[in-house]
Amino acid sequence: MERLDKFLTEAGVGTRSQVKQILKTGRVAVDGKAIKDGSSKIDPSVQTVTLDGDMLCGKRRMVVMLNKPEGYVTATEDPRDPTVMELLPERWKHQQLRPVGRLDKATEGLLLFTNDGELLHRLISPKKGVEKVYYARHEGNATQADVKAFAEGLTLRDGTVCLSAKLTPIGPGESMIAVCEGKYHQVRRMMASRQMTVLYLERRQEGGLTLNGLDRGCSRELTEAEVMKLEEMAD
Ligand code: URA
């Protein structure tokens with residue numbers, strides 16, 4: 001929730017004193033009802049604010065996490081498959097959220113979205129090295145030689161060289177993999193290069209954030225503290 005006058009100033013309606021005058025004349029409506037009190041609290045992600053009947057888009061930055069189920073493609077539109085955008089609530093439709101990086105159609109777990117292009121860029125940049133942690137069920141068992149090869153930086157079957165990554169075997173045919181870049185099908189290809197075909201893949205962490213009990217298929221906005229943590233990681 002935020003103050004109506006602050007929302008109007010940030011939306012470019014005018015200076016604080018101009019906004020005050022505009023409010024006095026009853027030209028501003030929230031969900032169709034004229035509001036004159038600038039200290040009224042509004043939620044721009046669910047409420048519609050208009051000036052003389054024209055809708056205002058707040059410049060509110062949003063960062064959202066989704067627990068992605070399998071079967072959805074990470075794209076804003078797709079002619080064949082359902083997209084991750086369809087899993088976000090209707091009320092965020094006008095917030096111009098974009099997925100941060102991508103998860104494969106079959107991969108589940110933590111996927112971030114934001115409408116802040118600059119933050120998005122920093123989060124996906126390999127230079128910033130934001131860590132992503134995956135749980136994988138796979139064919140074969142990870143050995144100490146595999147752990148060493150991941151740490152040294154793998155060369156994939158097509159010659160692509162990967163940055164150092166952390167492979168942690170956690171049981172027969174089960175491993176955790178931490179990577180700081182996001183190449184196409186990266187984890188599946190890294191595991192395949194060591195003869196461990198991935199059977200199931202789930203992202204459990206990104207930039208220190210975890211799903212923390214969020215149900216599969218559900219999404220929520222990050223808290224201020226979580227956004228700050230993410231900013232620090234991408235700094
Ligand atoms: N690596 C993959 O291979 N797939 C994903 O979805 C994410 C990382």
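Predicted model: local features only at pLDDT ≥ 70, side-chain atom pairs only at ≥ 80, totals over all residues.
Me: Let's start with β12. Is that strand covered or out in the open?

Reply: Mostly covered. Strand β12 spans residues 174-179, and five of its six residues are buried.

Me: Which way does β10 run against β12, and how many bridges join them?

Reply: They run antiparallel, with six bridges between β12 and β10, which covers residues 132-138. Among the facing residues, A136 stands opposite S175, and R137 has E174 as its bridge partner.

Me: And how many bridges join β11 to β12?

Reply: Five, again in an antiparallel arrangement, with β11 covering residues 166-171.

Me: Is β10 mostly covered or mostly exposed?

Reply: Mostly covered: six of the seven residues in β10 are buried.

Me: Okay, I170 now. Where is I170, and is I170 buried, exposed or partly exposed?

Reply: I170 is found in strand β11. The relative accessible area of I170 is 45%, so I170 counts as partly exposed.

Me: What does I170 touch, leaving out sequence neighbours?

Reply: Leaving aside neighbours within four places in sequence, I170 is in contact with Y135, S175 and M176. For a distance across the fold, the C-alpha atoms of I170 and R137 are separated by 10.0 Å, with the two residues 33 apart along the chain.

Me: Let's do packing. Which residues touch the most other members of the largest nonpolar core?

Reply: F113, F150, L167, I177, M190 and M191 do, in a core of 30 residues. The elements giving two or more residues to this core are β7 (63-68), β9 (108-114), β10, α4 (144-152), β12, α5 (186-192) and β13 (198-206).

Me: What is L167 in contact with?

Reply: Apart from neighbours within four places in sequence, the contacts of L167 are A142, D146, V147, F150, S175, M176, I177, M191 and M196.

Me: What about the second core, how many residues are in there?

Reply: That one is separate and has 16 residues, including M65, L120, L209 and V227. As general background, nonpolar side chains tend to be buried together in soluble globular proteins.

Me: New topic, the ligand. Which residues surround the ligand?

Reply: The ligand is surrounded by L103, D104, T107, Y134, H185, Q186, V187, R188 and L201. The largest share of that shell, three residues, comes from α5.

Me: Which atoms of D104, T107 and V187 come up against the ligand?

Reply: D104 has a polar side-chain atom 2.7 Å from a nitrogen atom of the ligand. T107 has an N or O atom in its side chain 2.8 Å from an oxygen atom of the ligand. V187 uses its backbone instead, with an N or O atom 3.1 Å from a nitrogen atom of the ligand.

Me: How much of the ligand does the protein bury?

Reply: 96% of the 230 Å² that the ligand exposes when taken alone.

Me: L103 was in that shell. What reaches the backbone oxygen of L103?

Reply: The side chain of T74 does, at 2.7 Å. T74 has its place in the loop between β7 and β8. Leaving aside neighbours within four places in sequence, T74 is in contact with K68, V84, P99, G101, R102, L103 and L111.

Me: Why does T74 count as buried?

Reply: Because T74 has 13% relative accessibility, and the cut-off for buried is under 20%.

Me: Last one, T83. Where is T83, and is T83 buried or exposed?

Reply: T83 lies in the loop between β7 and β8 (98-99). T83 is buried, because its relative accessible area is 3%. Beyond neighbours within four places in sequence, T83 is in contact with Y72, V73, A75, T76, E77 and D78.

Key
Residues numbered from 1 in each chain as written. Heavy atoms only, no water. Buried < 20%, exposed > 50% of the residue type's maximum accessible area, 1.4 Å probe, protein only. Helix = DSSP H or I, 4+ residues; strand = E, 2+ residues; numbered from the N terminus. Pairing = 2+ DSSP bridges. Core = buried A, V, L, I, M, F, W, Y, C linked by side-chain atoms within 4.5 Å. Contact = heavy atoms within 4.5 Å. Near = heavy atom within 4 Å. Polar contact = N/O pair within 3.5 Å; in protein donor to acceptor, adjacent residues only side chain to side chain. Areas by Shrake-Rupley, 256 points an atom, 1.4 Å probe, with all protein chains shown as cover.
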